[in-house]
Amino acid sequence: MTILGWFLIILLFVVGLAGAVYPILPGALAIYLAFFVYGWFFSFSSFGFVFWTVQTLIVIVLFVADYVVGAWGVKKFGGSRHSVIGSTIGLIIGPFLIPAFGLIIGPFIGAFVGEMIAGSRPGKAVKVSFGSLLGLFSSTVVKIVLQVAMVILFFIWIGLY
């Protein structure tokens with residue numbers, strides 16, 4: 001059972017970290033679930049109020065930052081609400097339509113279409129689309145850092161208690 005428990009925990013960590021780059025995967029929630037798997041297989045006694053509070057706050061920050069940082073990139077380059085929505089839609093469906101490059105092309109095209117719907121000139125729409133990519137890359141870096149922090153804190157926590 002020990003091997004199965006650790007296998008599931010590591011698998012959830014890998015899925016979680018992959019979710020930082022590939023938005024269809026559950027990301028932080030997979031990492032959070034790994035803590036419960038550890039508790040079910042081994043023990044919840046290592047985790048107390050502080051552990052759950054810190055990890056839950058990180059998950060909340062991840063969800064908020066994911067949207068805010070992405071939208072920041074679009075807004076920084078003068079984008080409208082339409083381009084934020086288009087970029088988000090492109091981020092979700094892009095990887096399905098263009099498997100190898102959809103993660104980058106999807107938000108770019110989505111922001112472009114959204115900005116054109118808002119009535120902008122094509123030049124501005126392209127500029128906003130690059131802003132959506134800047135937001136996407138910035139958001140990805142933030143997610144990776146925070147999710148790695150979640151995993152490191154988990155290992156520190158179980159090592160200390």
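**Cavity, pockets and ring pairs**

Analyst: Happy to! This is a predicted model. The largest cavity holds about 30 Å³ of space, and the count of cavities of 30 Å³ or more comes to 1.

User: What lines the largest cavity?

Analyst: The lining is made of Ala20, Val21, Pro23, Leu91, Leu103, Leu136, Thr140 and Lys143. Helix 6 (residues 122–160) gives the most, with 3 residues.

User: Which residues lie nearest the centre of the largest pocket?

Analyst: Pro23, Asp66, Tyr67, Leu91 and Lys143 do, out of 28 lining residues. The space in the largest pocket is about 510 Å³. Helix 3 gives the most to its lining, with 8 residues, and the lining divides into 16 nonpolar, 10 polar and 2 charged.

User: And what makes up the lining of the second largest pocket?

Analyst: That pocket has a volume of about 210 Å³. Among its 16 lining residues, Gly86, Ile89, Gly90, Ile109 and Gly110 are the closest to the centre. Helix 4 gives the most, with 8 residues. The lining has 9 nonpolar and 7 polar residues and no charged ones; Gly counts as polar here.

User: Turning to the rings, why is the pair of Trp6 and Tyr38 called edge-to-face?

Analyst: The rings of Trp6 and Tyr38 are 5.8 Å apart centre to centre, with 65 degrees between the planes. Trp6 lies in helix 1 (residues 2–19) and Tyr38 in helix 2 (residues 28–41), so the pair ties together parts that are 32 residues apart in sequence.

User: Why is Tyr38 called buried, and Trp6 partly exposed?

Analyst: Tyr38 has a relative accessible area of 11%, and buried means under 20%. Trp6 has 27%, which lies between 20% and the 50% above which a residue is exposed, so it is partly exposed.

User: What makes the pair of Tyr38 and Phe42 tilted?

Analyst: The planes of Tyr38 and Phe42 are 40 degrees apart, and the centres 5.0 Å. Stacked needs under 30 degrees and edge-to-face over 60, so this pair is tilted. Phe42 is partly exposed, at 30%.

Note on methods:
Residues numbered from 1 in each chain as written. Predicted model: local features only at pLDDT ≥ 70, side-chain atom pairs only at ≥ 80, totals over all residues. Heavy atoms only, no water. Phe/Tyr/Trp six-rings, centres within 6.5 Å; stacked < 30°, edge-to-face > 60°. Helix = DSSP H or I, 4+ residues; strand = E, 2+ residues; numbered from the N terminus. Buried < 20%, exposed > 50% of the residue type's maximum accessible area, 1.4 Å probe, protein only. 1 Å grid on protein atoms, 1.4 Å probe; cavity = no way out; pocket = protein on both sides within 12 Å on 5 of 7 lines; lining within 4 Å. Points joined across faces, edges and corners; volume = space filled by probe spheres on them.
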